[in-house]
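Notebook open, structure loaded. I want to go through a few helices, some loop residues and the aromatic pairs.

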Amino acid sequence: MFSDHLVLAGGGHTHALVLLRWAMNPKLKPAGMITLVNKESTTIYSGMFPGVLAGKYKIDEIIIDLRTLASKAGVSFVMAEIEGLELKKKKLLLKGRPEIEYSSLSLNIGTKTNFNSKSLIRGDNDFAVTIKPFSESYKFILDQDIHKDDSSAKPFVIVGGGFAGIEIAFSLRKRWPKRAILLKVKSGRKINKNLLKNLNDFNIKITQKSPSILYPKLICTGNKSFNWIKDSGLPIDGYGRVLTKNTLQVLNNPDLFAVGDCGVINNHTRPSSGVWAVRSAKPLAKNLEYISQGLKPNEWKPQRKAIQLLDINSGGKSSKAFISWGEVIVGPFNILSRLKETIDKNFISKFNLIKDKNSEMLSKKEMIKCRGCAAKLAFTPLNSALKKLDLIESSNDDSIDIGILNSRKTLIQSVDGFPSLISDPWLNGRLLAFHSCSDIWACGGSVISAQSVVNLPLLPNNLQQELLFQVLEGINSALTIQGAKLIGGHTLESRKISEEPFSLGIESSLAVNGIVDEKQYFWSKGGMKKGDQILISRSLGTGIIFSAFMNGHVKPYILDSVLKEMNKSQHDIVNYINHLTNINPNQKIINACTDITGFGLLGHLSEMLDSTNRDQLKMNSEPLKIILELDNIPVYDGVKELFDIGFESSLAPSNEIFLKNIEGDKDLKVELVSNNFIPNSPSYNTMLKILLDPQTCGPLVVSCSSIYSEKLIQEGPWIKIGFIP
């Protein structure tokens, strides 16, 4: 059985094309575990970026979705910043998380802008942004759009007189017809006469003087290697680029490859260019495939020079471009602009083939079953089984999530688990921990320890070791920030062959232990009072989003935003409430609380109401009801649109049992009010489904008096979504 772990470091164009090759031809993919590591979940196709600035393309049209691409290729995706390399130990060092061990490594990390911030005059840093990363420079340009029609606005400066800076200048002139644009070039630098004439024709001023520190600046001053490359011990040239053989293997390091702008073949000096990055993809892929089979890699002989097309992006049929071959520059001609457009569109369209393969909506039977919390058992069979079982000591609010032992301190224990949500084992472990801890937080408790059970796919020992290490490190990172510890656990090995990526074959559970300090009090699931306000701590919609993601229909920035929120611990907001309790020891701040997980907001509110009204019945008091304000319920971006095209969690239909509580039984009555949603309208029905959506790392919901709700809302992140009349 294979035991290799190939790590693709960086999501540049070369690696993207390699993944595309394996996604379209799975039989070509090397055997073993493969992981792609990149700082962002997307990469921007640089050749079309000036066209975006000119308004020729939309930014979404030039983005390559690396997470989805990796998934289609059966490759794990880790979103992390690379900050070092330990050659002898074969470890890739990542920022803010544990290292990844590899058996072979391919570097395609690109470069950063060759710019020394110390060279700027003091105060200049606030107005200067480098062209790379493109995502940051694009935000900078968008912020400057406020002055696009203002001829009196401060001039916008492009620093750098190379092809990149000149093409950006032409693009910004198309974007901002009236604003002054300066092109700052080095003293003594000569610009081609034809280029210079066109710059003058487009009223782009050339200057060799340092512009005012108050002028916004975009830095386009060429490329340089990342500092960690120089510190890694790899052989590099004078520009900090990793030296390789013609096989793309790093000199004296046959298990390492370097391609794109970060690598160069020894004694074959060439400038940085997307042309070589694209053309090196096929030889790199083949050599990775050959080596995994124990075959000899092939040598690649790249061309010495490359054609470059520089579009002046004047727009429409009048758009023209220059062509360069070495020192020769010809143009501008309309036909060259059309040629560049054709080349660029053909390149980016290759990645749309992956989307097209799954462009048609699958039937509900064909859709991939949800992972995360949505993989739990439905309410009806779970509740029925627990009622038949009398061995479990339940809490006084009849919770099926929490076990409680009373002593000097209230000890709380909870258990949770799910199949891997995404292919990053470290982040999965971290999300599992936060999700499992939410039961403790919902009791007003502090997490003190946890034990894990990790079911690993059937793989060689070294790969199992790496996956287990990443999962446990992820769990531990989430516990440590709370002052808790991972004190033990158990492992299992699956008896079925895991599909690729193998990291999705991990299933983990966590038993979490917590305490409620004697100075505090236990937050019950029941206990709501008349006049209470209902607050929620974060948005809803993770079930729908991950259902769409598992089936290949979610935009990268939507998933990135949701994962960022899920990756935040909520222990601080619990600690803040307990701090208020210390200040007001004779007052109960939280009357009831729960966390929103598998049964959705409506299901878990129904549990709160059921527990509360059983106590009301014991006291011969009238049952309470919840007024839920639909207009105020926060929903993640993209959720409503995804539901409208047919996505919902595979657990959601089982949660429809809770719909009967909407203005239903007097003991479980949830009344919906809204100014924006008309009952039985499509938008109203969408909101009903969102109320049933199971949540992984979902929000906390509290019921408290209006006096304290105002304080909590002011401190954040709480939002009022209802009240008890």
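Which residues of helix H21 (residues 706-715) are buried? I looked them up and got Tyr708, Ser709 and Leu712. Before going on, I note that this is a predicted model, where local features need pLDDT of at least 70 and side-chain atom pairs count only at pLDDT 80 or more, while totals for chains, interfaces and linings use all residues. Residues are numbered from 1 along each chain as its sequence is written, and side-chain values use heavy atoms, with hydrogens and water left out.

My terms: buried is under 20% relative accessible area, exposed is over 50%, and partly exposed is in between (1.4 Å probe, protein chains only). Helices (H or I, at least four residues) and strands (E, at least two) are DSSP runs, numbered from the N terminus.

**Helix H21**

Looking down the axis of H21, I find its buried residues within an arc of 105 degrees, so they line one face of the helix. The arc is taken from the directions from the helix axis to the C-beta atoms. On the face turned away from that buried side I see the exposed residues Ile707, Glu710 and Gln714.

What do the buried residues of H21 pack against? I list strand E29 (533-536), helix H16 (571-583), strand E30 (590-595) and strand E33 (700-704); contact here means heavy atoms within 4.5 Å. After H21 comes Gly716, with a positive phi near 80 degrees.

**Helix H17**

H17 has 19 residues, and from its first C-alpha to its last I get 28 Å, close to the 27 Å expected at 1.5 Å a residue. The expected span is 1.5 Å times one less than the number of residues. H17 is mostly covered, with 14 of its 19 residues buried. Asn620 follows H17, and its phi is positive, near 55 degrees.

**Aromatic pairs**

How many aromatic pairs does a search of the whole structure find? I count nine. Rings of Phe, Tyr and Trp (its six-membered ring) pair if their centres lie within 6.5 Å; planes under 30 degrees apart are stacked, over 60 edge-to-face, and the rest tilted.

Phe49 and Tyr138 have ring centres 6.4 Å apart and planes at 70 degrees, so I log the pair as edge-to-face. The pair links distant parts of the chain, with Phe49 in helix H2 (residues 49-53) and Tyr138 in helix H4 (residues 134-144), 89 residues apart. Both Phe49 and Tyr138 are buried.

For Phe599 and Phe658 the centres are 6.1 Å apart and the planes at 50 degrees, so this pair is tilted. It also links distant parts of the chain: Phe599 is in the loop between E30 and helix H17 (600-618), Phe658 in the loop between helix H19 (652-655) and strand E32 (669-673), 59 residues apart. Phe599 counts as buried at 1% relative accessibility, and Phe658 is buried with 5%.

I also noted Tyr45, Phe347 and Phe351, which ring pairs link into a cluster.

**Two loop residues**

Is Leu214 buried or partly exposed? At 44% relative accessibility I put Leu214 down as partly exposed. Leu214 is in the loop between strand E14 (204-207) and strand E15 (217-219). Not counting residues up to four places away in sequence, Leu214 touches Phe127 and Lys154.

Val259, in the loop between strand E19 (253-258) and strand E20 (263-265), is buried with a relative accessible area of 2%.
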